[in-house]
Amino acid sequence: MVDEEQEEISPDERRQYDRSRLIVDVHFEGVDATGVASTKDISLGGLYLSTQREIPVGTTLTLRIPLGSQHAVVKADVVYSNPGHGVGVRFHRLSDEALALMERELPHP
């Protein structure tokens, strides 16, 4: 069965940015969800967090992502949720500093 909410995002839009495989521990904080989860992959548009926590689609999180010797702090919305496994998030508009850090530190696919 296909989740209708997922169909709102076209495959082209979901893959607007190249993904890089990057596994780091990200601190996340939201209204009802706070913790640490590891990334599975990341792009300039968003990332996938592996977590047992159930975080509903539409939740806004603040993420602290370690990249090199620095951290990018970004806001992101949960756009995909697989309860018990993880969530996919889309970044809000990245600050110039976060964008520059990510472009410099992310592995290129």
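Buried means under 20% relative accessible area, exposed means over 50%, and partly exposed lies in between. Keep these words in mind for the views below, which come from a predicted model.

**View 1. Arg 104 and Glu 105 form a salt bridge.** Here the two side chains meet, with 3.6 Å from N to O. Side chains of opposite charge can pair when their charged atoms come close. How exposed is each partner? Arg 104 has a relative accessible area of 52%, so this residue is exposed. Glu 105 has 32%, so this one is partly exposed. The count of salt bridges comes to one.

**View 2. Ser 43 sits in a loop between two strands.** The loop joins the stretch from β3 (34–42) to β4 (46–50). Is Ser 43 buried or exposed? Its relative accessibility is 8%, so Ser 43 counts as buried. Look next at Gly 45: its backbone nitrogen lies 3.0 Å from a polar atom of the Ser 43 side chain.

**View 3. The largest nonpolar core has 26 residues.** In soluble globular proteins, nonpolar side chains tend to be buried together. Which residues have the most contacts inside this core? They are Leu 63, Ile 65 and Phe 91. At least two core residues come from each of β2 (25–29), β3, β4, β5 (60–67), β6 (70–82), β7 (86–91) and α2 (96–105).

**View 4. A closer look at Ile 65 and its contacts.** Neighbours within four places in sequence are left aside here. Ile 65 is then in contact with Val 24, Val 26, Ile 42 and Leu 47, among others. The list also includes Gln 70, His 71, Ala 72 and Val 74. Phe 91, another residue with the most contacts inside the core, touches Ile 65 as well.

**View 5. Lys 40 places its charge over the ring of Tyr 48.** The charged end of Lys 40 is 5.5 Å from the centre of that ring. What about rings paired with rings? A search of the whole structure finds zero aromatic pairs.

View 6. With a relative accessibility of 53%, Glu 29 counts as exposed. How far apart are the C-alpha atoms of Glu 29 and Thr 62? They are separated by 5.2 Å, although the two residues are 33 residues apart along the chain.

Notes: Residues are numbered from 1 along each chain as its sequence is written. This is a predicted model: local features need pLDDT of at least 70, side-chain atom pairs count only at pLDDT 80 or more; totals for chains, interfaces and linings use all residues. Side-chain values use heavy atoms; hydrogens and water are left out. A salt bridge is a side-chain nitrogen of Lys or Arg within 4 Å of a carboxyl oxygen of Asp or Glu. Buried means under 20% relative accessible area, exposed over 50%, partly exposed in between (1.4 Å probe, protein chains only). Helices (H or I, at least four residues) and strands (E, at least two) are DSSP runs, numbered from the N terminus. A polar contact is a pair of N or O atoms within 3.5 Å; within protein, one must be able to donate a hydrogen and the other to accept it, and residues adjacent in sequence count only if both atoms are side-chain atoms. A nonpolar core is a set of buried Ala, Val, Leu, Ile, Met, Phe, Trp, Tyr and Cys residues joined through side-chain atoms within 4.5 Å. Contact means heavy atoms within 4.5 Å. Rings of Phe, Tyr and Trp (its six-membered ring) pair if their centres lie within 6.5 Å; planes under 30 degrees apart count as stacked, over 60 as edge-to-face and the rest as tilted. A charge sits over a ring if NZ of Lys or CZ of Arg is within 6 Å of the ring centre and within 35 degrees of the ring normal.
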